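Student: I am new to this structure and would like to go through it slowly with you. Could we look at it together, one question at a time?

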Amino acid sequence: MFSTKFVNNPNSVFTEPAVGFMRRHGRMIACLGICILILTCLHPADASATSAENKYYKADASYRALLKSSSKKKYRHNWLNCIEKFQAVYDHDPSGPWAAAGLFMCGKLYYGLSIQSGLTSDMRQARDLFKRIIKRFPQSRYKSRSERELRIIAKKLGPNSAAVEETVDSDSLTTLIRQNVSTSSKLPVPVGKPTTVKELRYWSNPHYTRVVIDADQETTFAHKYLRVDPSIGKPHRLFVDLTHSRVGEKLQDFLPINDELLISARAGQNTPDQVRVVVDIKSYETYKVFSLKNPFRIVIDVWGENGDATKGSVSTQANFVTAGEIGVSALARQFALGVRRIIVDPGHGGKDYGAPGYLKGVHEKDVVLEISKKLAEKIQKDLGCEVILTRTTDRYLTLEERTAIANTKNADLFISIHTNSHRDRRASGIETYFLNLATDNDAILVAARENATSAKNISDLQSILNDLMHNAKVNESSRLAGHVQTAICSGLKEKKYTNIRNKGVKQAPFYVLLGAQMPAILVETSFISNKEECKRLVNSNYQDAIVESIMNGVKRYINETNPTALFGENQSQG
């Protein structure tokens, strides 16, 4: 049975004593090997049990680490990660000796999570797991342990809890656990204080509607589209589920919209741990759902087929202010240009002061409002375009509201006016941005400041942008930004202003530009944190020079789009 050729091979790694041993006992060793092989083939479950045992002890190590860390216990996803590992023990061999142990620990973890979260839904999940152990593994030692846990839970849930019996079997229940774990985000969502959903807002026109869900803190969420269901009289629906959340006291549970695209938005406590917002849809072409931070809110953009913006009245909760009436000849010229309406957006406002100036009492919100008012007047007068200011007074506007105004008013261009700032007060210069992924650290810092968020959160927004960029007019925005940036720097030099630093055209993910359906730019007019530039920004002559330069940049963009457009009216009369 044992080959003597192998042991007599001079290249063998066996030493001479080992060779002698193998010659004397080779038959016995070979028989023992065959027996082991036969036993393994006859009992493959033994290998499975060993693997399940290994999974169990690895899961148990994670469980003990969780219990030792007070900081880890504060976050829901850490509990769900442990549950997932014990669930894997059961999944490995649902009828094996470690299956009951895996499910029992899933129940223990859900019970522990319920103590942290205060949610009865977590405690019911634990209860149901213990019940299934008793039913499925009646001979297991975990039966009596599960019975003890159930008595504790019954006292916690109260006398009426016994009347609520689940009808799902064990496999269905563990499938629900897997779904619960797999769809949970890795974001650090606290299990202590639930998120409060405070308000629903919307802006709309015949072919665009933006709905915003306001909440008091960040949480994970999921969304799903449901097709029309005639059997129950339900239209197309889009729902958003916010995890670990509560309905706020002042939340309007029904928000009528009744525009060309949407019927209404509804909010309610879908489960003890979840708020659901449902948007009832009449018709749509496409939609996007994304979140913004500080404060946390979820934005739902719905687009229909592009139509004539002049049809129908605009339904909105915002107040718009135009920069003047437009004559027939001006309207004709605007249609020829393809640019008939421009939104000018003074950044910040109200409680949002923006960047503080080098000079005491100077704030970004006031400076950009003055520049924006002058710009609106200049564009309307010199280009004959209708101009809409997102604000004309010192009032607060959310960033998503500004873009919604531009979209619902069917603007052709969007220009957001800001002043730059840096901790290094020597920093100076002018730069113009368009919406795209950030290309350098300075751009990330500027976007973080204007978004009122952290540089760390910009990476989250950049991942959102990958799915949104097809809606943004990136190339046209870049071209508009280039013309405006060049015009400002050359125009200021022509006005004999010295030390004008051209920081160029840059790209970054700005909330205020997100979802804009037209070429959109953000102009950082100068550094308000710089001594010389702050003095210039509050000077009326410098503001006029900035305004004239921006207007010239817009004019050059229009001329490049249609070189004869500005002269079309005169040519037709000649």
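Student: Is His 244 buried or exposed?

Tutor: This is a predicted model, in which local features need pLDDT of at least 70, side-chain atom pairs count only at pLDDT 80 or more, and totals for chains, interfaces and linings use all residues. Residues are numbered from 1 along each chain as its sequence is written, and side-chain values use heavy atoms, with hydrogens and water left out. Buried means under 20% relative accessible area, exposed over 50%, and partly exposed in between (1.4 Å probe, protein chains only). His 244 has a relative accessible area of 2%, so this residue is buried.

Student: Where is His 244 placed?

Tutor: Helices (H or I, at least four residues) and strands (E, at least two) are DSSP runs, numbered from the N terminus. Phi of His 244 is near 45 degrees, a positive value in a residue other than glycine. The place of His 244 is in the loop between strand 4 (236–243) and strand 5 (245–247).

Student: Which residue does a cis peptide bond join to Asn 294?

Tutor: Most residues other than glycine have a negative phi, and most peptide bonds are trans. Asn 294 has a phi near 55 degrees, a positive value, and lies in the loop between strand 9 and strand 10. At 46% relative accessibility, Asn 294 counts as partly exposed. With omega at about 0 degrees, the cis peptide bond joins Asn 294 to Pro 295.

Student: How are helix 5 and helix 7 oriented to each other?

Tutor: Helix 5 (residues 99–117) and helix 7 (residues 142–157) have their axes 11 Å apart and pack at an angle of about 20 degrees. Axes here are lines fitted to C-alpha atoms, for helices over the stretch in contact, and angles run from 0 to 180 degrees between N-to-C directions. Angles under 35 degrees count as roughly parallel, over 145 as roughly antiparallel, 65 to 115 as roughly perpendicular and the rest as oblique. Helix 5 and helix 7 are therefore roughly parallel.

Student: And how are helix 14 and helix 16 oriented to each other?

Tutor: Helix 14 (residues 474–494) and helix 16 (residues 540–561) pack with their axes 8 Å apart, at an angle of about 140 degrees. Helix 14 and helix 16 are therefore oblique.

Student: How many of the residues of the protein count as buried?

Tutor: The protein holds 17 helices and 18 strands. Of its 574 residues, the share that counts as buried is 50%.
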